[in-house]
Amino acid sequence: MRERGCVHPTAPSVTDILHAARLVSAHLPETPMWSYPVLNERLGAEVHVKHENVQPTGAFKVRGGINLLARLPEARRADGVLAYSTGNHAQSIAYAARIFGVPCTIVMPENPNTAKVAAIQALGAAVEVKGATMVEAGEYATALAAERGLHLVGVADEPDLIAGVGTLYVEMLTRRPDLDVVIVPVGSGTGASAALLVARAIAPRCRVIAVQSAQAPAAHDSWRAGAPVRRPVETVADGLATGSAFALPQGVMRGLDDFVLVSDEDLRAAQWLLLTEAHTLAELAGAAPLAALITRAGDLAGLKVGLVCTGGNAGPAELHRLLS
Ligand SMILES: *Cc1c(COP(=O)(O)O)cnc(C)c1O
C-alpha cells in the first residue's frame, strides 16, 4: 500500500497520522492556537487561529517533511533526497534532511527568490537552478534523481507528507473538538486532505472547507468538475500557486464540505487584518482561510471556526506591498 514509487499511492490511515504525530512531536513542539476578541467581534464568529507561521521553517509543510524523512528506509537515506519547489516545500525537505543527516538537493526554477535560496542553503542543502517553470524544473529533477540514484520527493502524491501534515489537525481538533468548521488553504491539497482525514476520524461533526485563489483555481475547478483540470497561475500567493490537480489529495478532497474561491485582493485584506488584529505576519496563502471566512461570514455567523495560518514567509516584495 505504501511502496515508494507506487503509481497510485493511497491515502494514509488515521493510524498512520497518529504514528506521524509521535515522530513529528520529537522534533517540533505543538504550535499555539489563539482566539482574538477583536477579530471575533469583527467577524461575528468565534475564531481560533492555528499558528503554523511559527514553525522553524515558517510553514506547516515541515511536518510532512519530517514524517517522510523519518520513515525513509535507511538504505535510501544514504543516497540522499531530491525535491523541486520554489519555496516552502523545499525548506521543509531541507530542514528534515538536516535532522536525519540525509544529503539533500533542491531544484528550483529560474529566477528564484534569493532569500529562499539562502534559507535552503543555510540548511545544508545543495540548490540547482534549472527550468523556466515548475513543470520544467520537475522534469529536470526527475531525470537528475534517476541519474544520481537520489530519492525524489514528490509535491503532493506522497502519503507520508499527508500523514505528517495531518498532525496539525490532530493538535487542532484534540485541543478544540468542538470546532464547527475548519478552513484550510489549498495549493496541491495535502493540507486539506489531511484535515479531512483527521476531522472525519476525531471530530466527525466538524465541517472542512477549502479555499484557493480565484487567480489559480486548478484544485477548486478539478474538485467541482470531479476530474483533473489545468488552470493558469496568476495569483501572487506562492503557497497557492499550483496549475494542476494532484490525484491523491483530490481523491480525499471529494469529501470536503465546501470549496471557496477568494481573490488576491481578499487575501491582502485578510493578511492586513491578521497583522493588525492578531499581531501575526502571515504570507498571503496563510491568510486565505480568514479571507474565506470574511466572504462567507453570513453562513458562518456564531460558529466556532478554526483558521489555519499555514505560513509566514512573506518575501520582501510582499511585505512592501502589505505596508504601502
Ligand atoms: C503549500 C502551502 C499551502 C498549500 O498547501 P497544500 O498542501 O499544497 O495544498 C498553503 N499555505 C502555505 C503557506 C503553503 O506553504
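Q: Which residues does Pro-32 touch, not counting residues up to four places away in sequence?
A: This is a predicted model, and the contacts come from its atoms. Pro-32 is found in the loop between helix H1 (14-25) and strand S1 (33-34). A contact here means heavy atoms within 4.5 Å. With residues up to four places away in sequence left out, Pro-32 touches Val-49, Lys-50, His-51 and Val-54.

Q: Is Pro-32 buried, partly exposed or exposed?
A: Buried means under 20% relative accessible area and exposed means over 50%, with partly exposed in between. Pro-32 has a relative accessibility of 30%, so the residue counts as partly exposed.

Q: How far apart in space are Pro-32 and Glu-52, C-alpha to C-alpha?
A: In sequence, Pro-32 and Glu-52 are 20 residues apart. In space, their C-alpha to C-alpha distance is 8.1 Å.

Q: Is Asn-111 buried or exposed?
A: Asn-111 is found in the loop between strand S4 (104-108) and helix H6 (114-122). The cut-off for exposed is over 50% relative accessible area. Asn-111 has 76%, so the residue is exposed.

Q: Why do the buried residues of H6 lie on the same side of the helix?
A: In H6, the residues Lys-116, Val-117 and Ile-120 are buried. They lie on the same side of H6 because the arc they cover around the axis is only 105°.

Q: Which exposed residues does the face of H6 turned away from its buried side carry?
A: The buried residues of H6 pack against helix H5 (88-99), S4 and strand S5 (126-129). The face turned away from the buried side of H6 carries the exposed residues Thr-114 and Ala-122.

Q: Which residue just after H6 takes a positive phi?
A: Helix H6 spans 114-122. Just after H6, a positive phi of about 95° is taken by Gly-124.

Q: How much of the accessible area of the ligand does the protein cover?
A: Oxygen atoms of the ligand lie 2.7 Å from a backbone N or O atom of Gly-187, 2.6 Å from a polar backbone atom of Gly-189 and 2.9 Å from a backbone N or O atom of Gly-191. On its own, the ligand has 380 Å² of accessible area, and the protein covers 97%.

Q: How many charged residues does the shell around the ligand have?
A: The ligand is surrounded by 15 residues, the closest being Lys-61, Ser-188, Gly-189, Thr-190 and Thr-310. By class, four residues of the shell are nonpolar and nine are polar. The number of charged residues in the shell is two.

Notes. Residues numbered from 1 in each chain as written. Predicted model: local features only at pLDDT ≥ 70, side-chain atom pairs only at ≥ 80, totals over all residues. Heavy atoms only, no water. Near = heavy atom within 4 Å. Polar contact = N/O pair within 3.5 Å; in protein donor to acceptor, adjacent residues only side chain to side chain. Areas by Shrake-Rupley, 256 points an atom, 1.4 Å probe, with all protein chains shown as cover. Nonpolar A, V, L, I, M, F, W, Y, C, P; charged D, E, K, R; others polar. Helix = DSSP H or I, 4+ residues; strand = E, 2+ residues; numbered from the N terminus. Buried < 20%, exposed > 50% of the residue type's maximum accessible area, 1.4 Å probe, protein only. Arc of directions from axis to C-beta.
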